[in-house]
Amino acid sequence: MNFFEFNKQFPTELACIKYFITIRYNNQIKCNHCHSNRVSWRAEQYKTLQCNDCNNSFSIFKGTIFEKSCTDLRKWMYAIHLFLNGKKGISGYQLQREIGVTYKTAWRMLKQIRLAMGNPENQEFIGALVEIDETYVGGKPRKGAKKDDDDDLPKNKRGRGTNKNVVVGCVDRTNKSVFAKVMIKNKEGKKLTGKQLLDVLNQVVIQDSTVISDEFKGYNILGKKTSHIHLRVDHTKEFVASNGAHTNNIENFWGTLKRGILGIYHHVSAQHLQKYVDEFCFRYNNRSNVGMFDLVLKQAIL
Ligand SMILES: [Zn+2]
C-alpha cells in the first residue's frame, strides 16, 4: 500500500473508525459492560457509545493501544502503515515530520505500535527442527574495544564485563518463524546459564524436536534435561557441521536486529529492548503476510 492507496482506502476519520469497528467487533458492537447490542453513538465523533440497556457509556478504544490518546485514529493508522512499510521501521523524528505531531507523541505512538506487534493472540509452538542461539546487544563497548560489537570475541567471553544485554532466540527451520527473549540481567560479568536457555526453549519448542546450537557450554543442558535431539556446530572450526547442522537462520536474524537497532534507533535502553526485539520478530514472522496491517490492528486490542 502506498500513500495514494492509503488515502483512497482511508479518506476520512470516519472511514478509519468504521474499519477499526469491523476488525474489533466484526460489525456487531456490544456494550463493554453488559454485552448488549442495543447501543447508540453518543456524539458525532463516533468514538463513544451509550448502552440502551445498562445505560453505561464506553469508548470503542477501551483496552486498546489507542486508549488515552488524543491523536486521530487516521494518524495512528497512517503511522502503522509507515511503520510496516519501512523494512526496518521508522524513527520518532521521521514520524513527527510525516504526521505533524510532537516528538513526544510520535515516540509514544511507536512504543504503542510495538506493544501491539509483541502481542500475538496465541504464541504458536514451533518444533521439529529448531536453531537456538544467543547474542549481545547494546550497552557501551568493552574497554579498549573499537566497535560496539562482541562478535569478534570467543563465545565464552562475549558480553562479560560490559553492560550488554543478552538475547536468546529460536528459529523454526520449517516455517522460518522466530521467537526471542531478552534475558534478565545477570550480575556484571556472570555468564548466561543453561537454565535461562532452557526457559526460552520451553516457551515455544515442542517436545522431541531436533535442536541445533553452537558450542557454547550452556547448551549442555539440552542433552541432559530434555527429550530433544541436540546437534552442535563448532563455530571455531566450521560454519556447517559435517552432519549438516548450522545456525545460519537465527544468526541472520541477529544481523537484521542489530543493523536495525543501530541504523534506525541508534541506541536502545535495556528497559525497552524487548519491545524492539518483538518488533523485529513480528517483521520477520510476517515478512510475506499481506494481512500484516490488519494483524497489527487486531493485536492492538490488548
Ligand atoms: Zn450495557
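Visitor: Which element gives the most to the lining of the second largest cavity?

Guide: Helix H5 does, with three residues. This is a predicted model, and the values are computed from it.

Visitor: Which residues line that second largest cavity?

Guide: Trp107, Lys111, Arg114, His272, Lys275 and Tyr276. The elements that give two or more residues to this lining are H5 (103–117) and helix H9 (273–285).

Visitor: And by class, what does the lining of the second largest cavity have?

Guide: Three charged residues, two nonpolar and one polar.

Visitor: How many cavities of 30 Å³ or more are there?

Guide: Two. The second largest cavity holds about 30 Å³ of space.

Visitor: Which elements give two or more residues to the lining of the largest pocket?

Guide: Strand S6 (177–182), H9 and helix H10 (292–299). S6 supplies the largest share of that lining, five residues.

Visitor: Which domains does the lining of the largest pocket draw at least three residues from?

Guide: Domain 1 (3–120 + 291–299) and domain 2 (129–268) each give at least three residues to it.

Visitor: Last one: what is the lining of the largest pocket by class?

Guide: Ten nonpolar, nine polar and six charged residues.

Note on methods: Residues are numbered from 1 along each chain as its sequence is written. This is a predicted model: local features need pLDDT of at least 70, side-chain atom pairs count only at pLDDT 80 or more; totals for chains, interfaces and linings use all residues. Side-chain values use heavy atoms; hydrogens and water are left out. On a 1 Å grid over the protein atoms alone, a cavity is a set of points where a 1.4 Å probe fits but cannot get out, and a pocket is an open set with protein on both sides within 12 Å along at least five of seven lines; lining residues have an atom within 4 Å of a point. Grid points are joined across faces, edges and corners, and a volume is the space filled by probe spheres set on the points. Helices (H or I, at least four residues) and strands (E, at least two) are DSSP runs, numbered from the N terminus. Ala, Val, Leu, Ile, Met, Phe, Trp, Tyr, Cys and Pro count as nonpolar, Asp, Glu, Lys and Arg as charged, and the others, Gly among them, as polar. Domain bounds come from an automatic or database domain assignment.
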